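Open the model in the viewer and keep the selection panel at hand.

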Amino acid sequence: MKTGPLVAAVLLAAFLVVRRRKLEPTLKIGGGLAVLALLVYGSGVVELPDFKKIVEDAGDTLGNWTYLVVGVMAFFETGAFVGLIAPGETFLIFGGVVAGQGTISLVALIAITWTCAVLGDLASFYAGRRLGRDFLLRHGPKVQITEDRIHQVEGFFDRHGGKAIFLGRFVGLVRAVNPFLAGSSGMPFRRFLPYDIVGAGAWATMLLVLGYVFWQSFDKVLHYAEQGTLALGTTIVVIAIVVWAYRHFRDEENRDAAMRWVDTQLDRPVLRPLARVVRPVGRWARGPLKFFWNRITPGQLGLELTTTLAVVAVGSFAFAANAITLRDKDLVTGDATAFRWADEIRSDTLDDIARAVSHLGSLSVVAVAVAVTVVVLLTRERRRVIESFTLVGGLAVTWGAVHIAKAAVDRPRPADPLVDTAGQSYPSGHAAYAFAWVAIALVLTRTLPGLARTTAAIVAAVVLAAVIGLTRVYLRAHYLSDVVGGWGLGATIFGLFGMAGLVVAFLRHNGSRT
């Protein structure tokens with residue numbers, strides 16, 4: 001007899017009974033099988049197989065096919081409502097485990113899974129826009145999407161508003177149908193996409209890293225699992241308390257009642273010195289801080305902050321992923337191919353055009369463009385100090401970050417460049433500085449009323465930044481990964497300064513009203 005598995009079986013069975021009305025059928029079946037397996041193992045009738053060996057064999061068998069399997073499952077998780085039938089999270093955790101074995105790259109797997117998850121959501125979103133809610137009501141029961149479940153998800157939308165796209169990624173029932181209902185409800189695409197990028201990235205990264213870390217510490221996990229009946233019980237109790245506290249204090253009346261109880265306790269003589277500190281903090285928490293937090297959380301401050309956050313998330317990943325990969329490899333996937341394609345289209349005319357366009361990403365040209373923009377912003381009737389600081393600060397920090405990163409990665413330049421080059425290769429300074437053109441376009445279209453075709457101006461700036469980076473590859477001044485890293489670094493820093501500017505502008509506006 002083995003006490004640990006038997007106790008775990010009892011605890012799991014109790015959980016399934018208590019939550020039976022809220023669990024999905026797949027979880028009920030899986031939980032029941034797990035209880036049965038724990039009872040059989042705990043009774044000593046059978047011995048468990050070598051789980052570690054099974055996982056190792058599976059990882060070796062799949063190899064690079066793991067990228068495809070995990071990516072496809074991430075796509076179909078919402079793109080075809082597979083998340084209601086098969087546990088898509090399990091495939092992501094397994095992919096992280098395979099990466100932990102060293103068979104595949106965790107960084108590449110995160111990039112593929114993130115992209116596929118967003119593409120699956122977009123497919124479901126446009127299907128919802130085209131087919132409508134009635135289609136889901138007619139055909140949903142075939143994949144366990146009942147009308148009651150649709151009402152649950154719609155209630156989730158009503159409670160959380162725009163941030164439901166972000167939060168819904170972490171709720172099994174909501175995740176599977178969220179994008180479809182967002183499309184069928186008429187949610188604008190420009191509002192849906194930023195929340196989805198942030199949510200899909202956080203979801204994919206969390207599960208893949210969980211599997212990766214789990215495998216790296218697998219022996220310790222087994223050791224604690226064998227001796228961890230008390231730890232398991234403690235964990236369950238702690239999780240239950242946290243869930244109860246979250247649900248209880250989510251209600252404003254319960255929060256107010258708790259604050260009144262704290263005030264009563266602080267009236268006691270022994271606690272009066274502490275009250276001098278606690279009460280001002282409490283007033284701040286119930287007043288400006290509460291208002292500020294409600295506005296800053298995802299989906300509350302508005303589309304601009306969420307969009308900027310999505311840019312920062314993608315940009316920081318692009319920069320860090322290439323930097324991490326270059327620790328073990330001289331070339332990143334795509335570097336050699338990009339040079340081969342450049343050689344195939346090379347001509348004297350293209351060489352001259354590339355040199356001219358590339359110069360637009362040099363620090364001197366970008367600095368002049370930023371300076372002119374700042375002069376325009378500061379000489380207007382309403383001086384745009386925040387926007388000016390965002391541009392100048394963003395460019396200055398980008399310049400410093402480029403040089404620090406170059407020294408840290410210390411990657412040699414490509415051979416036989418067509419322009420003069422100096423210093424290390426990663427990241428591309430031109431590609432990073434080129435993102436200032438996008439920031440300039442955003443600031444001018446946001447602050448200058450009547451500026452025609454604002455969307456066209458922003459798109460033109462994005463295209464210019466992209467072309468500047470690609471010319472550096474064409475001219476063999478940088479590898480493609482250098483350019484992608486530069487774009488990511490520039491997007492991250494200018495995005496962070498943009499977020500700071502939005503928050504400061506919000507606080508100024510809110511302060512002027514009060």
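Which residues in α21 meet which residues in α22? On the α21 side, select Glu387, Leu391, Leu395, Thr398, Trp399, Val402, His403 and Lys406; on the α22 side, select Gly429, Ala432, Tyr433, Ala439, Ile440, Val443, Arg446 and Thr447. By class, this contact has nine nonpolar, four polar and three charged residues (Ala, Val, Leu, Ile, Met, Phe, Trp, Tyr, Cys and Pro count as nonpolar, Asp, Glu, Lys and Arg as charged, the others, Gly among them, as polar).

The model is predicted: local features need pLDDT of at least 70, side-chain atom pairs count only at pLDDT 80 or more, and totals for chains, interfaces and linings use all residues. Residues are numbered from 1 along each chain as its sequence is written, and side-chain values use heavy atoms, with hydrogens and water left out.

Now show helix α21 (residues 385-409) and helix α22 (residues 429-447) whole: their axes come within 10 Å and cross at roughly 170 degrees. That makes α21 roughly antiparallel to α22 (an angle over 145 degrees).

Next, select Ser428, in the loop between α21 and α22. Ser428 counts as buried because its relative accessibility is 0% (buried means under 20% relative accessible area, exposed over 50%, with a 1.4 Å probe and protein chains only). Leaving aside neighbours within four places in sequence, Ser428 is in contact (heavy atoms within 4.5 Å) with Arg472, His478, Asp482, Val483 and Gly486.

Last, go to helix α18 (residues 335-345), where Asp335, Ala338, Phe339 and Ala342 are buried. Seen down the axis of α18, these buried residues fall within an arc of 95 degrees, so they line one face of the helix (the arc is that of the directions from the helix axis to the C-beta atoms). Turn to the face of α18 away from its buried side to find the exposed residues Trp341 and Glu344.

Key
Axes fitted to C-alpha atoms, helices over the stretch in contact; angles between N-to-C directions. Helix = DSSP H or I, 4+ residues; strand = E, 2+ residues; numbered from the N terminus. Parallel < 35°, antiparallel > 145°, perpendicular 65-115°, else oblique.
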